[in-house]
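Reader: Please take one part of this model and go through it closely. I want cut-offs with every term.

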Amino acid sequence: MNIYVLLKKTFDTEEKIVVSNGQIEEDAAEFIINPYDEYAVEEAIKQRDEHGGEVTVVTVGDEDSEKQLRTALAMGADKAVLINTEDDLEEGDQFTTAKILEAFFEEKEVDLILAGNVAIDEASGQVGPRLASSLDIPYVTTITKLEIDGETVKIEKDVEGDMEIIETSLPLLVTCQQGLNEPRYPSLPGIMKAKKKPLEELEIDDLDIDEDDVEPKTKTIDIFLPPEKEAGRVLEGELEAQVKELVSLLRTEAKVL
Amino acid sequence: MSKKLLVIGESRDNSLRNVTFEAIAAARKIAADGEIVGVLFGAEDLATQANEMIYYGADRVITVQHDNLKNYTSDGYGQATMAVVEEESPDVIVMGHTAIGKDVTPKVASKLNTGLISDVTTIDFDGDTAVFTRPIYSGKAFEKKVITDGIVFVTVRPNNIPALERDESRTGDVQAKEVEIKDLRTIIKEVVRKTSEGVDMSEASVVVAGGRAVKSEEGFKPLYELAELLGGAVGASRGACDAGYCDYSLQIGQTGKVVTPDLYIAVGISGAIQHLAGMSNSKVIVAINKDPEANIFNVADYGIVGDMFEVVPMLIEEIKKIKA
């Protein structure tokens with residue numbers, strides 16, 4: 001099977017966000033593989049081990065994304081592709097990323113593409129379904145179980161807490177939700193091997209597209225932090241009196257009961 | 001010329017979800033004098049729901065009824081949406097940012113070659129241009145976005161843009177449109193209900209969430225009782241999910257759901273930064289925790305330092321009294 005994973009680097013979930021001049025400060029931040037993409041990498045490796053084939057991780061990003069791609073290789077992916085847009089594109093949105101990936105996949109034989117449900121930074125969840133749509137293959141989002149038997153695919157999908165059991169077929173794109181698997185940590189031998197695994201770097205020129213083809217359809221005009229939440233009141237006294245006071249405050253002051 | 005705005009509605013258990021009415025309000029905000037066209041898909045008669053959309057502000061409604069629209073599938077809803085969009089050529093499309101909204105809108109945006117701003121919480125204006133605010137980094141920050149080219153296409157987060165007042169005197173045309181829905185490539189074999197009837201966490205006005213200190217699946221029972229009493233939903237921290245006390249679908253936080261209810265009750269949750277990202281924009285936060293140093297108290301409006309197994313039953317009794 002030809003298995004591909006769409007991977008993005010994101011801020012470590014521990015990071016506090018610092019904004020200056022309407023931009024997020026990235027300089028001091030630690031980056032990780034987007035946690036939902038980790039489920040995708042893990043699932044890709046498991047499916048390959050079961051059915052044979054090859055796992056390729058693909059990132060549209062900058063030079064620094066190589067680190068996260070190497071981590072995915074260390075987990076067990078076979079090959080990596082970095083589509084580096086750093087020098088060519090000043091800005092992009094989900095339209096841009098999906099268009100670039102569409103061009104990348106145009107000539108490829110694909111059985112399965114896995115992506116995260118969302119990236120925890122932008123969290124739009126658009127790129128996977130957009131790509132599937134332009135490649136004209138079916139997609140299922142927020143999956144929690146994936147069973148492939150020949151061309152037939154059985155999926156469990158999380159729908160706002162309920163579960164759908166879905167039948168579909170390859171080629172297919174899925175986006176991964178927590179509960180799907182437990183992503184492995186890269187082993188030391190894995191890390192050593194990853195250094196020698198192929199990591200291809202492409203620019204948009206190599207995909208026969210130019211800047212105008214992928215010009216974003218949306219623009220971010222400002223980024224700001226939510227107002228600092230002030231610590232409220234910790235109630236005092238006998239527990240029972242506190243509970244009474246709480247209910248009364250929720251009724252009269254906060255007006256939510 | 002006045003604008004034409006499509007609002008794609010969504011129902012659950014045969015009644016429209018509140019986010020549909022919020023999406024109508026969002027459309028009205030985008031173009032005060034525009035024509036709002038509601039759109040509904042389903043396998044059964046949709047006339048009652050269509051009228052509901054009109055009471056809540058739609059000017060007319062198009063319904064597409066087809067056996068293949070019984071369950072949501074991206075192919076089925078995609079075909080139905082495209083048929084309506086091609087006929088109506090809207091300037092604006094609004095939908096709720098729900099499981100269905102998240103799934104189908106990128107497909108439609110891809111087919112139309114347009115931008116899409118997902119998960120909008122506020123709409124304002126820069127001159128004539130609608131500016132959409134949406135959370136990023138799970139609510140640790142916000143960005144303001146505009147559409148620079150093509151249709152204005154947005155999904156709105158439930159519970160953020162208030163619906164317009166229901167007005168039963170409003171009338172409008174309801175048109176049943178025939179669309180051929182075929183070649184579904186994904187088939188829903190079964191829907192397994194795991195949530196309580198009707199209350200979805202992202203739309204709930206009250207969320208009662210438990211952390212590791214709830215200690216067991218059994219320990220979540222009083223939380224369910226409290227949530228039910230308040231007409232709310234139950235959520236959990238990652239710690240509680242990892243420990244196996246509840247399903248991952250209940251997880252709130254940076255990996256997990258982001259919720260903004262009117263009232264968030266955090267029970268035995270310490271308040272890791274990843275959890276706060278998923279709930280700190282709730283309107284009123286109550287924290288119940290044994291540890292007075294717990295980080296959750298830094299974002300809580302009201303805090304009680306105490307054992308949840310004592311506090312929660314007391315709270316249930318007290319609320320029962322005022323509800324009586």
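Author: Chain B is divided into domain 1 (4-177) and domain 2 (201-323), with bounds from an automatic or database domain assignment. The model is predicted: local features need pLDDT of at least 70, side-chain atom pairs count only at pLDDT 80 or more, and totals for chains, interfaces and linings use all residues. Residues are numbered from 1 along each chain as its sequence is written, while chains are lettered from A and ligands numbered from 1 in the order in which they are written.

The C-alpha centres of domain 1 and domain 2 of chain B lie 31 Å apart. In contact (C-beta atoms, placed from the backbone, within 7 Å) are 11 residues of domain 1 and 10 residues of domain 2 of chain B.

Now helix 4 of chain B, residues 99-112. Helices are DSSP runs of H or I, at least four residues, and strands are runs of E, at least two, numbered from the N terminus. The expected span is 1.5 Å times one less than the number of residues.

A residue is buried if 20 or more other C-beta atoms, placed from the backbone, lie within 10 Å of its own. In helix 4 of chain B, 12 of the 14 residues are buried, so the helix is largely enclosed by the rest of the structure. Among them are Ala99(B), Lys102(B), Asp103(B) and Lys107(B). Just after this helix, Asn113(B) takes a positive phi of about 55°.

The chain contact takes 78 residues from chain B and 69 residues from chain A. Helix 4 of chain B gives the largest share of chain B's side, 8 residues.

Conventions. Contact = placed C-beta atoms within 7 Å.
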